[in-house]
Amino acid sequence: MICPKCGRTVPDGMPCPCGAPMLSSNPAVNLIKTLGSSTKFLAATILYSAMVLFAIFAAFGSKALVDQLYYYGANYGVDPDVFYPMMSALEGSTTAGVVFASIPAILVAVGMWLFYSTCRNRQTGNVSTVGLTICKVLTIISLVMICVIIASVLFIMVVVMVVLASNMGYSYYYYATDNANVLIFAQVFLGIFAVVLAAMLVLYIFYYVSVIKVINRIKASAINGVPDNRIPRFLTGFLMFLGVMNALGGVASLITSPIAGIGSLAGAACFILMSLLLKEYRDKMTVLLFPPVQPMYGNMPPYNTVPPQQPSGQDGNIPQ
């Protein structure tokens, strides 16, 4: 086995004197352990953790809004017996909501750190899949939550559109046509928005299903040692797209909310690095599945040899 850090040849299953992570004699597990302990994955893990941390700080920044409400309530003569209990409940629900909404992202960061630590382990050449399992479970939960939220919003919009359509004839009959035109515009706007939301729902379903499949394939390769290069190009492309969009949003947010902007930029860099890592994983797994064929030039006859000529008589016939 060749050490990926110093290039020294060491026996299979033995640690290298240079201190590099101990690798497996299986090429597929070797690849997972090498990429999982690489600088790219470490940087992606740090950036994802920073994104979660800054998102929590930005969410707690809403306390400034609560303070402004306290100020206006105290200066405009609002009944304190009603106002202060209501504001205390709002402040407590905001804090609890921030903590509860951050739990899935925090657990994903924990799963990424666990996967990095098992790939950096110098005591064994195997790879533990606990971190990948945590990320898979949280991805499934996120998929269900997004589907429920978007489906609920779509249902409400459809109900509103039906109500607007039923009131349109009433507006034409009793009011001026301007009111009916406003209803038509609102219905068209809601219809376009509903189509956009439905497209986003389908896109995110494909994205999360791709993430779950990739995690399952990496886990199977880590456990069984069988190479698998099935990393969808849709996933690597969509991660790059998310990185670009988060970068644009982060730059725009730096003016209004610097903390949220820094978090978005950290997330953008994380998505781009993960896209590059998965692409590298796919390319190297492809080499393991279909190794290049080495030409065997040494066993081939020389090209400058001429086949021996058979003797012939004067009449052109072969002598008997």
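Me: How many aromatic pairs does the count come to?
Reply: Happy to walk you through it! Rings of Phe, Tyr and Trp (its six-membered ring) pair if their centres lie within 6.5 Å. This is a predicted model, where local features need pLDDT of at least 70, side-chain atom pairs count only at pLDDT 80 or more, and totals for chains, interfaces and linings use all residues. Residues are numbered from 1 along each chain as its sequence is written, and side-chain values use heavy atoms, with hydrogens and water left out. By the pairing rule, the count of aromatic pairs is ten.

Me: Are the rings of Tyr-204 and Tyr-207 stacked or edge-to-face?
Reply: Planes under 30 degrees apart count as stacked, over 60 as edge-to-face and the rest as tilted. The two ring centres are 6.4 Å apart and the planes meet at 90 degrees, so Tyr-204 and Tyr-207 are edge-to-face.

Me: Is Tyr-207 buried or exposed?
Reply: Buried means under 20% relative accessible area, exposed over 50%, and partly exposed in between (1.4 Å probe, protein chains only). Tyr-207 has a relative accessible area of 10%, so Tyr-207 is buried.

Me: Which helix holds Phe-234, the partner of Phe-206?
Reply: Phe-206 and Phe-234 form an edge-to-face pair, 6.5 Å centre to centre with 75 degrees between the planes. Helices (H or I, at least four residues) are DSSP runs, numbered from the N terminus. The pair links distant parts of the chain, 28 residues apart: Phe-206 sits in helix α6, and Phe-234 in helix α7.

Terms used: Helices (H or I, at least four residues) and strands (E, at least two) are DSSP runs, numbered from the N terminus.
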